[in-house]
Amino acid sequence: MSLKLNENNIEEIINSMTLEEKAKLVVGIGMPGFFGNPPSRVQGAAGETHSIPRLGIPSTVMADGPAGVRIDPVREGAKTTYHATAFPIASLLSSAWNREIVREVGAAMGREAREYGVDFLLAPALNIHRNPLCGRNFEYYSEDPLLSGEMAKAFVEGVQSEGVGACLKHFIANNQETNRLTIDIIVSERALREIYLKGFEIALKAKPWTVMSAYNKLNGTYCSQNKRILTDILRNEWKFDGFVMTDWFAGNDPVEQMEAGNDLIMPGKVNQIRAEREDEVQEIIKAVKEGNLNEEILDRNVRNILKIIVKTLSFRGYKPSNKPDLEEHAKIAYEAAVEGMVLLKNEDGTLPLNKDSEVALFGTAQIETIKGGTGSGDTHPRYVVSIVNGLMERGFQIDEDLLKTYKDYIKTMRNKEEYKIREGLFGQPVMPKLPEMDLLKDNMVEEAAERTDVGIIVLGRISGEGCDRKPEKGDFYLSDDEQELIDIVSKAYHVRNKRVVVILNVGGPIEVMSWRDKVDAILLAWQAGQEMGRAVADILSGKVNPSGKLPTTFPKDYWDVPSSKNFPGDPPDDPKKVVYEEGIYVGYRYFDTFDVEPAYEFGYGLSYATFNYENLKLEKDESSIRVSFDIVNIGEVPGKEVAQVYVRAPKGEMEKPFQELKGFVKTKLLNPGERERITVSVDIASLTYFNEKTNKWVLEKGIYEIRVGASSRDIRLSGFIDVRN
Ligand code: GLC
């Protein structure tokens with residue numbers, strides 16, 4: 001009987017494999033559907049591994065991404081469609097600070113991947129928000145490693161609970177898009193350990209099947225060719241037991257990739273985009289034959305891959321239905337969307353609006369609502385509920401005249417060459433940003449203000465893979481026409497003693513100081529996926545009480561951000577390297593330590609309810625500190641509260657941030673008057689700092705301040721713990 005792969009005969013299989021079969025197993029089949037390659041069996045998937053039928057080794061399928069399964073929604077000649085749910089972006093998920101909902105989203109994506117025949121979902125992406133202009137920050141969770149790691153861990157648990165492999169990406173320090181394939185990230189060992197690696201270390205507890213090494217270099221060596229991070233840290237120190245794949249066409253030396261511990265080279269056939277190269281399969285065969293690559297290394301990588309392949313749906317012969325429960329998943333996308341939107345301002349109870357409010361909607365993003373970012377993190381849902389359609393569906397009275405004018409305006413503008421919708425990096429539509437409509441014409445805004453009770457302005461921003469945002473008007477800053485829109489709408493409504501609400505349909509921070517005092521309420525709706533309009537409507541109406549909190553600082557000005565001094569690197573117009581001069585001082589670690597006031601701080605978010613924090617109790621045993629306290633809803637409506645635990649370390653031999661997040665919890669829905677006793681356990685090991693001299697984690701002895709807050713700057717309870725022994 002010919003030998004066929006199973007969980008128990010991997011060594012036998014490896015011993016019976018030819019060199020060519022081994023080389024094929026560590027290289028993908030080439031980018032499906034591109035460069036003349038046939039489409040994947042799951043059309044639109046990002047890549048596949050080779051099959052070796054002789055040995056019962058199936059090919060496996062990999063598809064993006066962090067906001068949903070990215071595959072082609074339609075196939076030539078097929079009646080069936082292959083839409084997948086567009087979930088909210090990662091930055092919204094982390095704004096929920098709710099492990100359970102993130103796990104549910106991961107599980108729903110895992111089911112959709114499974115039912116469409118995908119073995120590995122190339123998510124979560126958990127690179128740190130080092131600078132607000134990174135084009136892919138929408139795909140990432142936070143400026144803080146603990147929040148990033150906890151969200152990624154919950155997501156991996158969800159995906160893998162459905163039999164689909166997850167992929168922690170991009171390992172490591174892929175914090176910009178500018179020259180991402182070649183940029184050399186120069187970062188101190190301490191910042192690397194405490195900020196950029198820490199989230200991955202936390203997420204590894206979920207035992208992800210795969211990790212994707214990053215495009216960039218780290219201190220001179222491509223991540224995909226970097227033995228220190230892939231073998232010494234990831235595998236030997238952290239005991240990772242899955243396999244590592246490259247990012248698509250990353251690096252420049254397959255032998256170095258093999259030796260460093262990058263088990264799989266994706267997508268394969270680099271010769272299709274780099275004429276000087278051969279197919280990596282041939283390069284690896286040649287290297288072994290010429291003695292440049294020890295075959296034992298190749299066997300090690302093959303082993304790492306086979307140990308995971310035997311867990312996959314393809315190996316187990318699962319027959320995908322191609323009919324995931326999209327209805328059920330839409331509900332999960334909605335639940336996540338409402339949990340992660342952040343109420344930034346609500347003057348004198350402007351929100352929630354009365355159900356029968358007459359509403360005038362301003363801003364093109366009310367109609368061209370942005371569900372997510374572009375690039376590999378894009379999605380192809382059956383529908384997207386725009387903000388205006390969500391409000392109408394939920395019963396708001398929308399000013400029809402104004403809406404018709406906006407629709408006509410958008411139609412006219414999209415017919416102009418410069419605003420035509422084009423195709424992006426991965427074939428998805430890219431929509432050039434439209435200038436806002438001139439509202440002074442025909443006295444439009446005055447008439448709308450006369451006819452309606454409240455004005456709602458929607459401001460949109462989109463970004464994506466392949467390029468970074470700009471510190472310019474129309475991107476980080478408002479454009480002149482957006483400023484004018486806010487000015488004239490606010491004036492027209494305020495003169496009539498009526499209110500103005502701004503909705504931010506964005507994937508990352510924008511400047512708010514120049515305009516936030518002109519409006520009465522601000523809702524950060526993020527890019528909330530296909531259910532966006534319904535989620536926004538239900539928060540505006542009060543059907544849902546907003547409970548999101550910021551996972552990333554909104555600075556007063558871009559140039560307040562420490563990394564603005566060297567982002568995206570040197571030379572600025574075509575950077576070869578970027579030095580992370582700010583070290584560990586990223587996000588609130590910088591703003592709090594150097595006393596720089598942000599516009600909205602890390603962890604900030606309002607509610608329609610009000611919460612008190614009471615009865616703090618601190619208990620310590622040899623491994624952890626138990627932080628217990630009550631959260632009481634003293635408001636008039638039910639609500640959830642995200643309580644955060646920060647720790648301020650004693651002054652010692654090493655400089656430290658003012659404070660660091662060491663725990664968090666979201667309460668259940670608390671009714672008015674209801675209290676919940678919360679306990680957060682802080683591992684004492686998590687209080688250590690990385691000492692570069694000794695290359696060890698060090699616990700500073702002394703008195704630690706435990707700070708319990710509604711945000712990083714709204715500390716409600718504090719106490720001290722002596723950590724001497
Ligand atoms: C892209 C991205 C990565 C994605 C991969 C496959 O370039 O960097 O996140 O998973 O290629 O599409």
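This is a predicted model: local features need pLDDT of at least 70, side-chain atom pairs count only at pLDDT 80 or more; totals for chains, interfaces and linings use all residues.
Residues are numbered from 1 along each chain as its sequence is written, and side-chain values use heavy atoms, with hydrogens and water left out. Helices (H or I, at least four residues) and strands (E, at least two) are DSSP runs numbered from the N terminus.

**Helix packing**

- Two packed helices are described by the angle between their axes and the distance between the axes.
- Here, axes are lines fitted to C-alpha atoms, for helices over the stretch in contact, and angles run from 0 to 180 degrees between N-to-C directions.
- Helix H4 (residues 99-115) and helix H11 (residues 326-340) have axes that come within 10 Å and cross at roughly 155 degrees.
- H4 and H11 are therefore roughly antiparallel to each other; angles under 35 degrees count as roughly parallel, over 145 as roughly antiparallel, 65 to 115 as roughly perpendicular and the rest as oblique.
- The H4 and H11 crossing is left-handed, a label used if the near helix is turned anticlockwise from the far one by less than a right angle, with right-handed used if clockwise.
- H11 also meets H16: the axes of H11 and H16 come within 9 Å and cross at roughly 45 degrees.
- That angle makes H11 oblique to H16, and the crossing of H11 and H16 is right-handed.

**Backbone features worth a look**

- Most residues other than glycine have a negative phi, and most peptide bonds are trans.
- Asn 497 has a positive phi of about 60 degrees although it is not a glycine.
- With a relative accessible area of 70%, Asn 497 is exposed; buried means under 20% relative accessible area, exposed over 50% and partly exposed in between (1.4 Å probe, protein chains only).
- Asp 595 is not a glycine either, yet has a positive phi of about 55 degrees.
- The loop between helix H17 (588-593) and strand S19 (611-620) holds Asp 595, which counts as exposed at 64% relative accessibility.
- Leu 351 and Pro 352 are joined by a cis peptide bond, with omega of about 0 degrees.
- Pro 352 belongs to the loop between strand S10 (342-346) and strand S11 (358-362).
- A cis peptide bond also joins Phe 567 and Pro 568, where omega is about 0 degrees.
- Pro 568 is in the loop between helix H16 (532-540) and strand S18 (577-579).

**Salt bridges**

- The whole structure holds 68 salt bridges, each being a side-chain nitrogen of Lys or Arg within 4 Å of a carboxyl oxygen of Asp or Glu.
- Arg 54 pairs with Glu 21 in a salt bridge whose closest N and O atoms are 2.7 Å apart.
- Arg 54 lies in the loop between S1 and strand S2 (61-63) and Glu 21 in helix H2, so this pair ties together parts that are 33 residues apart in sequence.
- Arg 54 counts as partly exposed at 43% relative accessibility, whereas Glu 21 is buried at 12% relative accessible area.
- Arg 534 and Glu 393 form a salt bridge through their side chains (2.6 Å, N to O).
- That pair links distant parts of the chain, 141 residues apart, with Arg 534 in helix H16 and Glu 393 in helix H12 (residues 387-393).
- Glu 393 is partly exposed, at 43% relative accessible area.
- Glu 614 and Arg 675 also meet through their side chains in a salt bridge (2.9 Å, N to O).
- Glu 614 is in strand S19 and Arg 675 in strand S23 (residues 675-683), so the pair ties together parts that are 61 residues apart in sequence.
- Both residues count as partly exposed, Glu 614 at 24% relative accessibility and Arg 675 at 41%.
- One network, made by salt bridges that share partners, joins Glu 393, Arg 394, Glu 531, Arg 534, Asp 538 and Lys 543.

**Nonpolar surface patch**

- Phe 34, Phe 35 and Ile 273 make a nonpolar surface patch of about 250 Å².
- Patches are made of residues with over 30% relative accessible area and no salt bridge, with like charges joined within 9 Å and nonpolar side chains (Val, Leu, Ile, Met, Phe, Trp, Tyr) within 5 Å.
- Accessible areas come from the Shrake-Rupley method with a 1.4 Å probe, and for residues only the protein chains shown count as cover.
- Phe 34 has its place in the loop between helix H2 (19-25) and strand S1 (47-48) and counts as partly exposed at 34% relative accessibility.
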